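Welcome! Keep the sequence and the 3D view side by side as you read.

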Amino acid sequence: MVLGFALAAYSIVANDSIQTLGTFLSSNAKRPWWILWIWISGIMIVTVSWGWIANGGDPAFGRLAAKAIAFPTDYGGTFTWVFILPPLALVILTRFGIPVSTSLLILTAFKGLVAVQQGNSSGEAISLFANMMEKSFVGYLIAFVLGLIIFWLVTGNLEKRFKETANDGVRHPAWTVFQWLSTGFLWSMWLIQDLANVFVYLPRELHVTGLILSLGGMTILQGILIRGRGGKIQKIVTSKTNTLDVRSATFIDLLYGLVLLFFKVDYIPKLFAAMGLEVPWPAKMPMSTTWVFLGLLAGREIGLTLKMHINNKKTVAKLVLSDAGKAFLGSMVAIALAMILPFLITPVEKADEDAPAQAIETVTE
């Protein structure tokens with residue numbers, strides 16, 4: 001359990017959090033790393049603690065209950081070495097710079113293992129994957145369309161101005177304040193969505209000691225990430241137009257945070273329910289923030305290209321398809337693990353309820 005949590009926390013910090021902190025790290029590259037660390041870790045501690053208090057000891061904000069992802073000891077099961085494989089695979093993929101969806105990989109594989117250990121079908125994991133993928137794809141489309149429209153028609157002229165003045169070194173102090181606030185807002189929204197990927201390895205009602213220890217470990221890992229300036233996944237951010245500029249980073253973080261807030265409130269299921277239609281996915285269903293992030297960057301890059309004419313269509317298409325291809329590869333790894341790993345798990349032997357009665361009959365005879 002502890003090893004699974006540690007591997008999941010490391011891989012998720014190194015892979016997923018770059019979506020949130022990538023522009024922040026890029027545009028603040030000249031600042032001491034420990035200042036960035038204090039700000040980011042402080043927001044994380046407050047958000048996780050708030051989730052733990054508000055949800056009765058569940059720091060995952062109830063997202064593990066959306067499809068009833070059980071904790072092994074709750075049904076008499078146990079953690080085996082097989083449970084370690086999903087986060088271990090994620091660590092390896094992260095080292096190659098592949099932006100994997102940790103929600104799809106970790107939660108789908110975990111669900112499959114739990115289902116088989118309970119004596120049920122691993123098809124439950126496929127059902128969970130389908131729901132998360134449906135929500136994630138809708139998130140990609142919404143982020144893509146918003147990124148395209150806003151950065152083409154609304155902020156395109158600003159971005160053009162930002163690029164022209166990128167090397168003049170003159171920045172109003174207010175931009176730094178705006179960017180740090182937008183990053184803090186985005187970071188908290190991201191944590192609410194993705195904390196389930198880490199805390200799936202810990203009891204659903206976490207004791208205060210477990211909360212303190214887990215926060216301490218995550219804070220240390222966050223420091224390692226920020227001191228290393230993001231690692232290989234960071235290249236996905238720095239390869240895009242103007243992401244090193246604090247002004248551009250502010251708009252990216254704010255828009256990304258608003259999209260995640262939209263899904264946090266579950267407006268789409270509420271709208272379907274109000275119209276008397278079948279809800280597409282359960283409330284609080286986890287989703288891939290990776291797909292949302294890549295959709296936003298893709299729409300933004302196309303929008304800026306249409307507005308500023310700085311890249312040819314072939315170059316932009318290559319960037320967009322490359323990012324989407326890597327995310328698709330990660331999704332295929334997730335579904336492969338969900339299908340293969342259950343063969344390595346042993347169902348829990350359930351006690352024979354008739355055994356006591358049979359024993360009494362034998363003694364009587």
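Predicted model: local features only at pLDDT ≥ 70, side-chain atom pairs only at ≥ 80, totals over all residues.

- Together with Val145, Ile149, Trp152 and Leu153, Leu306 forms a nonpolar patch on the surface.
- The accessible area of these residues together is about 440 Å².
- Which helix gives the most to the nonpolar patch? It is helix 6, residues 123-154, with 4 residues.

**Salt bridges**
- How many salt bridges does a search of the whole structure find? The search finds 2.
- One of them joins the side chains of Lys111 and Glu124, with 3.6 Å from N to O. Lys111 sits in helix 5 (residues 102-117) and Glu124 in helix 6, so this pair ties together parts that are 13 residues apart in sequence.
- Are these two partners buried or exposed, or in between? Lys111 counts as buried, at 7% relative accessibility, whereas Glu124 counts as partly exposed, at 29%.
- Another salt bridge is made by the side chains of Lys135 and Asp266, again with 3.6 Å from N to O. Since Lys135 belongs to helix 6 and Asp266 to the loop between helix 11 and helix 12, the pair ties together parts that are 131 residues apart in sequence.
- Both Lys135 and Asp266 are buried.

**Two residues with a positive phi**
- Asp266 has a positive phi of about 60°, although it is not a glycine. You can find Asp266 in the loop that runs between helix 11 (246-264) and helix 12 (267-274).
- The relative accessibility of Asp266 is 7%, so the residue counts as buried.
- Phe61 is not a glycine either, and its phi is positive too, near 60°. Look for Phe61 in the loop between helix 3 and helix 4 (85-95).
- Phe61 is buried, because its relative accessible area of 7% is under 20%.

- Helix 3 spans residues 33-54, which makes 22 residues. From its first C-alpha to its last, helix 3 reaches 32 Å, close to the 32 Å expected at 1.5 Å a residue.
- Which residues of helix 3 are buried? They are Leu36, Ile40, Ser41, Ile43, Met44, Thr47, Val48 and Gly51.
- If you look down the axis of helix 3, these buried residues fall within an arc of 160°, so they line one face of the helix.
- The face turned away from the buried side of helix 3 carries the exposed residues Ile38, Val46 and Ile53.
- Val46, found in helix 3, counts as exposed because its relative accessibility of 57% is over 50%.
- The C-alpha atoms of Val46 and Ser188 are separated by 8.9 Å, while the two residues are 142 residues apart along the chain.
- Helix 3 is followed by Gly56, a residue with a positive phi, near 65°.

Terms used. Residues numbered from 1 in each chain as written. Heavy atoms only, no water. Helix = DSSP H or I, 4+ residues; strand = E, 2+ residues; numbered from the N terminus. Expected span 1.5 Å × (residues − 1). Buried < 20%, exposed > 50% of the residue type's maximum accessible area, 1.4 Å probe, protein only. Arc of directions from axis to C-beta. Patch = residues over 30% accessible without salt bridge, like charges linked within 9 Å, V, L, I, M, F, W, Y side chains within 5 Å. Areas by Shrake-Rupley, 256 points an atom, 1.4 Å probe, with all protein chains shown as cover. Salt bridge = Lys/Arg side-chain N within 4 Å of Asp/Glu carboxyl O.
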